[in-house]
Amino acid sequence: MTSLLGHYIDGQALSDNERTVGVSNPASAAVEKKLAMASAATVARAVAAAEAAFPAWRRTPPLKRARIMFNFLQLLQQHAEEIVAAITAEHGKLLDDAMGEFTRGVEVVEYACGAPQLLKGEHSKNVGPDIDSWSELHPLGVVAGITPFNFPAMVPMWMFPMALVCGNTFVLKPSEKAPSAALLLAQLLTRAGLPDGVFNVVNGDKEAVDALLHDKRVKAVSFVGSTPIAEYIYSTGSAGGKRVQALGGAKNHAVVMPDADLDNAVNALMGAAYGSCGERCMAISVVVCVGAGTADTVVEKLRRRLQALKVGAGTDSGNDMGPLVTRAHLDKVKSYVDLGIAEGAALVVDGRDISVAGYEDGFFLGGCLFDRVTPAMRIYREEIFGPVLCVVRVENQEQAMALIHDHEYGNGTCIFTRDGEAARYFTDNVEAGMVGVNVPLPVPVACHSFGGWKRSLFGDLHAYGPDSVRFYTRRKTVTQRWPSGGVREGVQFSFPSHS
Ligand code: NAD
């Protein structure tokens, strides 16, 4: 029996007579749900609801908007397990890992509760005789969010809590591979007291995305997903006059220096490369080992750890790694393993022949490890987005950093070392937006902003944190004069200089 998932528009669950796609459970491969794919007309309906809700929401004091976020925060805590279970059922990741992403999303809601402080603006008294001036932060109007499959709760929460407390109304288009978390969040927002139409969800694919991109009522778009789509969203949205931030793919390098604590480094690399089956935009997919001795030791330690890696259903807490999201994605990742062999890399651990008892049809792949990967290989240059780690051998730190500099992506990176000078040189000069020192996944906390460099982000402002206030508001600067004593001045034709 498959259930039908639809949209959430104007405070109501809704599904029109639209085409549907199946949503499968990656552990069993069973198609458990059908998802309605919004037509352009359904998207227009959601945008109309958001536009109608905007005037009253924009005038709602930030303190009241923050109170609704406080209510939402409490409901999130009460419904955490339900949301986490929905993530695991559609994405496949372990329940603990799903709780981790949920918690990081909730941190942005906590940050959004500080709206009155964040939206204060700036004031200057006496900029001229009897003249005061101040800058105000105004909402943009209807804002759209388009999100990927790999963080079904966290990435939407990177966007809408801040967009909403800034006074915007929102239309979210989640990934069609993992849509349930977004629908649950929408219901909780209504229960938290959010007025109807302020937050809407449309499920769908390119048709829905294009309808959002071409709708003049949508003033800004936040996107997270793969680089080709990010580039398309940025160019199409900005050509239509929208403000766009589009976060794309990654190939995150970890540099292991010869002086590093290699046991700690390997522990960190295991989680960062194979956690969530490598389906994280901040996953480490390349280890750059400085010195042949470092490389030999790291590869051997990784090999041993990979042989003990427990792969199975995300609902079983004894596992380390779940399945990939779809059969098509499993086939794509496996094809990269075939490619790496053909390109001449040394496959140290091959995870292709895995079978999980009780889940024989699931989309499982064991951890794979390639040694002696070179920058010319496609397995090095392209994002694989699976449990495939590439080891590149170099002789010194400069060569390691040159690799990162020359790569098309610049999302996250990290260095493992005990040498403060090497670490400082790395953080100062490396070409990436998020940098870790002995921290493999340097995902910024909610009061900082998240974003990569180069082709990992199109646009100027990063997600959540202080940049999100800048992205979701526009500035108005008022200059006001109340002449004292009723003084009248003559006409002035020169440019006002307050001199
Ligand atoms: P994706 O680009 O395939 O899809 C993202 C969104 O775009 C989905 O909502 C999807 O429906 C929509 N979409 C897909 N094809 C489209 C098209 N042709 N036209 C218009 N819209 C389209 O990404 P995904 O596979 O869901 O997610 C994985 C990717 O996301 C990886 O590349 C990963 O690195 C990236 N990602 C990046 C970040 C980051 O912060 N930089 C975070 C998470 C994921």
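Buried means under 20% relative accessible area, exposed over 50% and partly exposed in between, with a 1.4 Å probe and protein chains only. This model is predicted: local features need pLDDT of at least 70, side-chain atom pairs count only at pLDDT 80 or more, and totals for chains, interfaces and linings use all residues. Residues are numbered from 1 along each chain as its sequence is written, and side-chain values use heavy atoms, with hydrogens and water left out.

**Stop 1: the ring pairs**

Select Phe471 and Tyr472. Phe471 is buried, at 2% relative accessible area. Tyr472 is buried too, at 1%. Rings of Phe, Tyr and Trp (its six-membered ring) pair if their centres lie within 6.5 Å; planes under 30 degrees apart are stacked, over 60 edge-to-face, the rest tilted. The centres of Phe471 and Tyr472 are 5.1 Å apart and the planes stand at 85 degrees, so this pair is edge-to-face.

The count by this rule is 10 aromatic pairs. Now pick Phe450 and Tyr464. Their pair is tilted, with 6.2 Å between centres and 45 degrees between planes. Phe450 is in the loop between β20 (434-437) and β21 (453-454), Tyr464 in the loop between β22 (457-458) and α16 (465-471). Helices (H or I, at least four residues) and strands (E, at least two) are DSSP runs, numbered from the N terminus. Both Phe450 and Tyr464 are buried.

Next, show Phe72, Phe160, Phe170 and Phe199. Ring pairs join them into a cluster.

**Stop 2: the largest pocket**

Select Phe149, Lys177, Gly225, Ser226 and Ile229. Of the 42 lining residues, these are the closest to the centre of the largest pocket. On a 1 Å grid over the protein atoms alone, a pocket is an open set of points with protein on both sides within 12 Å along at least five of seven lines; a cavity is a set where a 1.4 Å probe fits but cannot get out; lining residues have an atom within 4 Å of a point. The pocket holds about 940 Å³; a volume is the space filled by probe spheres set on the points, which are joined across faces, edges and corners.

Colour domain 1 (3-248 + 456-478) and domain 2 (252-437). Both give residues to the lining, so the largest pocket lies between them. The domain bounds come from an automatic or database domain assignment.

**Stop 3: the largest cavity**

Show Gly278, Ala283, Ser285, Glu383 and Phe385. They lie nearest the centre of the largest cavity, which 15 residues line. Its volume is about 120 Å³.
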